[in-house]
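Let's take a walk through this protein together. Have the sequence and the 3D view ready, and follow along one region at a time.

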Amino acid sequence: MIFKSTLMDKDAVLRSLRRISHEILEKNKGGDNLCLVGILRRGVPMAQIIAENIKRIEGVDVNVGILDISAHRDDIDFRGISNDNKTDIPFEISGKNVVLVDDVLFTGRSVRAAMDALMSMGRPAKIQLATLIDRGHRELPVCANYIGKNFPTARTEMIKVYFDGIDEETCVKLYDVEN
């Protein structure tokens with residue numbers, strides 16, 4: 001993998017997440033009946049930041065859950081499956097407006113796996129999708145309700161999102177993938 005450029009610095013990432021927070025509140029007419037579910041790994045800190053923003057904007061505490069989609073992926077044969085399910089959703093999702101949160105939307109397969117995982121836990125009133133980056137190349141009919149930035153890429157490129165706490169910095173970087 002060869003580094004090409006930094007697409008977003010920490011300030012740009014946080015600005016995008018603030019805007020997404022406002023859009024979520026606007027579309028859902030506030031924070032009532034709303035919960036956020038971050039897809040492991042980097043969807044989790046995104047969901048936590050959005051929840052903090054919603055608390056500052058509306059004064060509402062929104063539940064945040066963690067979703068491990070590994071058992072629901074359609075590429076288990078290649079990736080393998082972990083017996084260590086790290087899903088932690090300690091609240092009821094049935095009847096709730098659930099916002100799935102993920103860092104990069106690419107083919108749509110992770111989102112499909114996330115919806116399968118959610119539906120096995122209950123029946124949300126709505127499932128919406130918030131993503132920091134939409135890079136195109138969809139293989140499934142999935143689109144995000146809330147997008148930080150659109151960065152069309154070549155298939156030979158990769159976008160990586162980094163967050164403090166998991167990584168050494170918060171930013172978005174573009175790489176060329178070596179063949």
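This is a predicted model: local features need pLDDT of at least 70, side-chain atom pairs count only at pLDDT 80 or more; totals for chains, interfaces and linings use all residues.

How many of the nine residues of S4 are buried? The count is nine of nine, and S4 is thus mostly covered.

## Helix H4

Together with H4, strands S4 and S5 make a right-handed β-α-β unit. H4 spans residues 109–119, and its buried residues are Val 111, Ala 113, Ala 114, Ala 117 and Leu 118. These cover an arc of only 160 degrees around the axis, so they lie on the same side of H4. As a reminder, an α-helix has 3.6 residues a turn, so residues three or four places apart point the same way.

What covers the buried residues of H4? The cover includes S2, strand S3 (63–67), S4 and S5.

The largest nonpolar core has 30 residues, and Leu 17, Leu 132 and Ile 133 touch the most other members. At least two residues of this core come from each of helix H1 (10–27), strand S2 (34–39), helix H2 (43–58), strand S4 (97–105), strand S5 (126–134), strand S7 (157–162) and strand S8 (171–176). A second core of 19 residues is separate, and among its members are Val 37, Ile 69, Ala 117 and Val 142.

Not counting residues up to four places away in sequence, Ile 133 touches Met 8, Asp 103, Val 104, Leu 105, Lys 149, Phe 151, Ile 159, Val 161 and Val 172.

## A polar residue in a loop

Now turn to Asn 28, in the loop between H1 and S2. Is Asn 28 buried or exposed? Asn 28 counts as buried because its relative accessibility is 9%, and the cut-off for buried is under 20%.

Leaving aside neighbours within four places in sequence, Asn 28 is in contact with Leu 34, Asn 97, Gln 128 and Tyr 146. With Tyr 146 there is a polar contact as well: the two side chains are joined at 3.4 Å.

Note on methods. Residues are numbered from 1 along each chain as its sequence is written. Side-chain values use heavy atoms; hydrogens and water are left out. A nonpolar core is a set of buried Ala, Val, Leu, Ile, Met, Phe, Trp, Tyr and Cys residues joined through side-chain atoms within 4.5 Å. Buried means under 20% relative accessible area, exposed over 50%, partly exposed in between (1.4 Å probe, protein chains only). Helices (H or I, at least four residues) and strands (E, at least two) are DSSP runs, numbered from the N terminus. Contact means heavy atoms within 4.5 Å. The arc is that of the directions from the helix axis to the C-beta atoms. A polar contact is a pair of N or O atoms within 3.5 Å; within protein, one must be able to donate a hydrogen and the other to accept it, and residues adjacent in sequence count only if both atoms are side-chain atoms. A crossover is right-handed if, with the strands pointing away from the viewer, the path from the first strand over the helix to the second runs clockwise.
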